[in-house]
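Please look over the following sequence and model before reading on. The report then takes up the fold, the core and the helices.

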Amino acid sequence: MGGGIYEDWSASAMDGAHHATQRAVKDGRLPRSGVCEACGKPCDMTRAGGSMKLHHWSHAREHWLDVLILDASCHRKIHNGSLREPRTGRVYPTVAERRAPRRPTPTDATREAV
Ligand SMILES: [Zn+2]
């Protein structure tokens, strides 16, 4: 598999990322409405049961606020693997893949080249 995204799926990285976006929305550093990056539909957080989701394509600290704007329907599709993640183009990793994160090592590169 190519792509080169080696994600940190630890609880601390994911919690940090989610709390950071919650704070940022609260104090206005991230928007409460926008356009879904997957399907182009307008979406927002202001309605009850708001349809806008801020999706972390990376949980690395430097990307905590670098989120994708998605509507609820596309967000669900990305998480169940039926839609490619916008911007990265990847199919969202399964739970099993997240539990066993691949690290870029010379051994891996050698194996993939065979
Ligand atoms: Zn959408």
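What covers the buried residues of helix 2? The cover includes strand 3 and strand 4.

## Model and conventions

This is a predicted model, in which local features need pLDDT of at least 70, side-chain atom pairs count only at pLDDT 80 or more, and totals for chains, interfaces and linings use all residues. Residues are numbered from 1 along each chain as its sequence is written.

## Overall layout

The protein has four helices and four strands, where helices (H or I, at least four residues) and strands (E, at least two) are DSSP runs numbered from the N terminus. From the N terminus on, the order of elements is α-β-β-β-β-α-α-α.

Of the 114 residues, 15% count as buried. Buried means that 20 or more other C-beta atoms lie within 10 Å of the residue's own, with 12 or fewer for exposed, partly exposed in between, and C-beta atoms placed from the backbone. Two residues are in contact if their C-beta atoms, placed from the backbone, lie within 7 Å. Among contacts between residues at least 6 apart in sequence, 52% join residues at least 24 apart.

## The nonpolar core

The largest nonpolar core has eleven residues: Cys36, Ala38, Cys43, Met52, Leu54, Val67, Leu68, Ile69, Leu70, Cys74 and Ile78. Such a core is a set of buried Ala, Val, Leu, Ile, Met, Phe, Trp, Tyr and Cys residues joined through C-beta atoms within 7 Å. Strand 3 (52-55), strand 4 (68-71) and helix 2 (72-79) each supply at least two of its residues, and strand 4 gives the most, with three.

Leaving out residues up to four places away in sequence, Val67 touches Thr21, Leu30, Leu54, His55 and His56.

## Strands 3 and 4

Strand 3 and strand 4 pair in the antiparallel sense over four bridges; pairing requires that DSSP finds at least two bridges between the strands. Leu54 stands opposite Ile69 in strand 4. From strand 3, Met52 and Leu54 point one way and Lys53 and His55 the other way, and all are buried.

In helix 2, the residues Cys74, His75 and Ile78 are buried. Seen down the axis of helix 2, its buried residues fall within an arc of 105 degrees, so they line one face of the helix; the arc is that of the directions from the helix axis to the C-beta atoms. An α-helix has 3.6 residues a turn, so residues three or four places apart point the same way. Gly81, with a positive phi near 85 degrees, follows helix 2.

Helix 1 is followed by Gly28, whose phi is also positive, near 85 degrees.
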